[in-house]
Amino acid sequence: MSLLVVGSVAFDAIETPFGKVDRTLGGAASYFALAASHFAPVRVVAIVGEDFTDKERAIFRGRKIDLAGLEQVSGKSFFWAGRYSKNMNERTTLATELNVFANFRPTLPDSYCDSSFIFLGNIDPTLQRSVLTQVRCKPQVVGLDTMNYWIERTPAELRDTLKHTHILMINDDEVRQLTGDHNLFRAAKQVFKMGPRTLVIKRGEHGALIIHNKFMFSVPAFPLEEVHDPTGAGDSFAGGFMGYLASVGRVNEQTLRRAMVYGSVLGSFTVERFGVERLARLKRSEISARARLFSKLTSFKL
Ligand code: AMP
């Protein structure tokens with residue numbers, strides 16, 4: 001099954017206690033595509049400027065990643081800079097330069113219009129919706145990520161897009177902000193009334209929780225002794241999660257539980273190195289080996 005992602009392809013400047021990089025390939029769609037491509041072919045819809053060269057393109061090459069929907073225009077690509085605190089729990093955004101992203105109007109190439117698995121990365125909900133209207137067949141699964149900025153500034157547009165979403169994938173603060181309820185389980189019931197049938201709550205170093213109206217499941221974050229750069233962990237989680245679902249083409253309790261584990265596995269690899277460095281040289285065998293460790297980590301007898 002083909003998986004389409006819309007989101008940012010960017011250059012990031014990142015500072016963590018382990019070091020600093022000035023300008024490295026980033027953006028939610030980059031992390032998502034690199035993670036998901038281990039499972040299923042991925043179609044990218046995004047915009048970049050002239051500074052996106054063959055060096056960046058090469059990172060996607062040789063994988064099942066279709067860049068026909070990556071529009072290149074004159075100007076500079078989206079640029080984001082962030083700094084992490086000593087314990088990595090807090091992130092300060094130092095710069096967000098939209099550049100060509102400010103005029104992004106996602107246009108799907110004809111070859112993308114039959115995509116059945118869709119991930120709407122964290123962008124303006126009106127643009128997320130416009131991607132859905134361009135898809136010809138009714139998608140099997142629509143996943144969506146958003147953030148406080150859109151929850152505060154475009155609540156009506158976000159609600160409208162959520163009506164067409166099956167799986168909402170956000171962090172715990174965003175769930176509370178979206179619903180106005182501090183309790184995540186009560187908040188989930190409100191999310192279900194907005195459209196999604198499934199809520200995936202990303203909880204950073206505490207793992208992730210899936211709440212569906214028939215079941216709940218929680219995965220830990222993989223226990224790593226050193227986290228070098230948490231950037232993109234959530235997008236890699238989403239890539240592993242959606243990529244796995246697209247690879248099996250079926251959504252039920254068992255596949256959703258496995259998708260949670262693959263999401264956590266992909267997120268855990270990303271944070272081991274800066275930017276997309278670790279994801280870009282990841283092997284399928286390493287993913288399977290870590291998924292087996294997750295199984296050991298979480299199994300118990302009663
Ligand atoms: P995450 O760590 O999962 O929040 O994702 C970080 C990635 O999101 C970075 O590579 C940034 O380039 C990208 N990013 C940061 N801010 C935004 C934004 N406002 N819109 C879209 N992408 C963003």
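How are helix 3 and helix 5 directed relative to each other, roughly parallel or roughly antiparallel? Before answering I note that what I am looking at is a predicted model. I looked up helix 3, which covers residues 125-134, and helix 5, which covers residues 155-162, and found that they pack at an angle of about 25°, with their axes 8 Å apart. Angles under 35 degrees count as roughly parallel, and helix 3 and helix 5 are therefore roughly parallel to each other. I also wrote down that the crossing of these two helices is left-handed. On the side of helix 3, the residues that make the contact are Pro125, Thr126, Gln128 and Arg129, while helix 5 contributes Glu157, Leu158, Asp160 and Thr161. When I sorted the residues of this contact by class, I had two nonpolar, three polar and three charged ones.

Next entry: helix 8 and its partners. Helix 8 spans residues 233-248 and helix 9 spans residues 253-270, and the two pack at an angle of about 140°, with their axes 7 Å apart. That angle makes helix 8 oblique to helix 9, and I noted their crossing as right-handed. From helix 8, the residues that take part include Phe237, Phe241, Tyr244 and Leu245, and among those they meet in helix 9 are Leu256, Met260, Tyr262 and Leu266. By class, I found 11 nonpolar, seven polar and one charged among the residues of this contact between helix 8 and helix 9.

I then turned to helix 1, residues 28-36, which packs with helix 8 at an angle of about 40°, their axes being 7 Å apart. Helix 1 is therefore oblique to helix 8, and it passes helix 8 in a right-handed crossing. In helix 1 the contact is made by Ala28, Tyr31, Phe32, Ala35 and Ala36, and in helix 8 by Asp235, Ser236, Ala238, Gly239, Gly240, Met242 and Gly243. This contact of helix 1 with helix 8 holds seven nonpolar, four polar and one charged residues.

Last entry: the ligand. Which of the 14 residues around the ligand come nearest? I found that they are Ser8, Asp12, Gly27, Gly232 and Asp235. For Gly232, I noted a polar backbone atom 2.8 Å from an oxygen atom of the ligand. With Arg91, a polar side-chain atom lies 2.9 Å from an oxygen atom of the ligand.

Notes
Residues are numbered from 1 along each chain as its sequence is written. This is a predicted model: local features need pLDDT of at least 70, side-chain atom pairs count only at pLDDT 80 or more; totals for chains, interfaces and linings use all residues. Side-chain values use heavy atoms; hydrogens and water are left out. Axes are lines fitted to C-alpha atoms, for helices over the stretch in contact, and angles run from 0 to 180 degrees between N-to-C directions. Helices (H or I, at least four residues) and strands (E, at least two) are DSSP runs, numbered from the N terminus. Angles under 35 degrees count as roughly parallel, over 145 as roughly antiparallel, 65 to 115 as roughly perpendicular and the rest as oblique. A crossing is left-handed if the near helix is turned anticlockwise from the far one by less than a right angle, and right-handed if clockwise. Contact means heavy atoms within 4.5 Å. Ala, Val, Leu, Ile, Met, Phe, Trp, Tyr, Cys and Pro count as nonpolar, Asp, Glu, Lys and Arg as charged, and the others, Gly among them, as polar. A residue is near a molecule or strand if one of its heavy atoms lies within 4 Å of it. A polar contact is a pair of N or O atoms within 3.5 Å; within protein, one must be able to donate a hydrogen and the other to accept it, and residues adjacent in sequence count only if both atoms are side-chain atoms.
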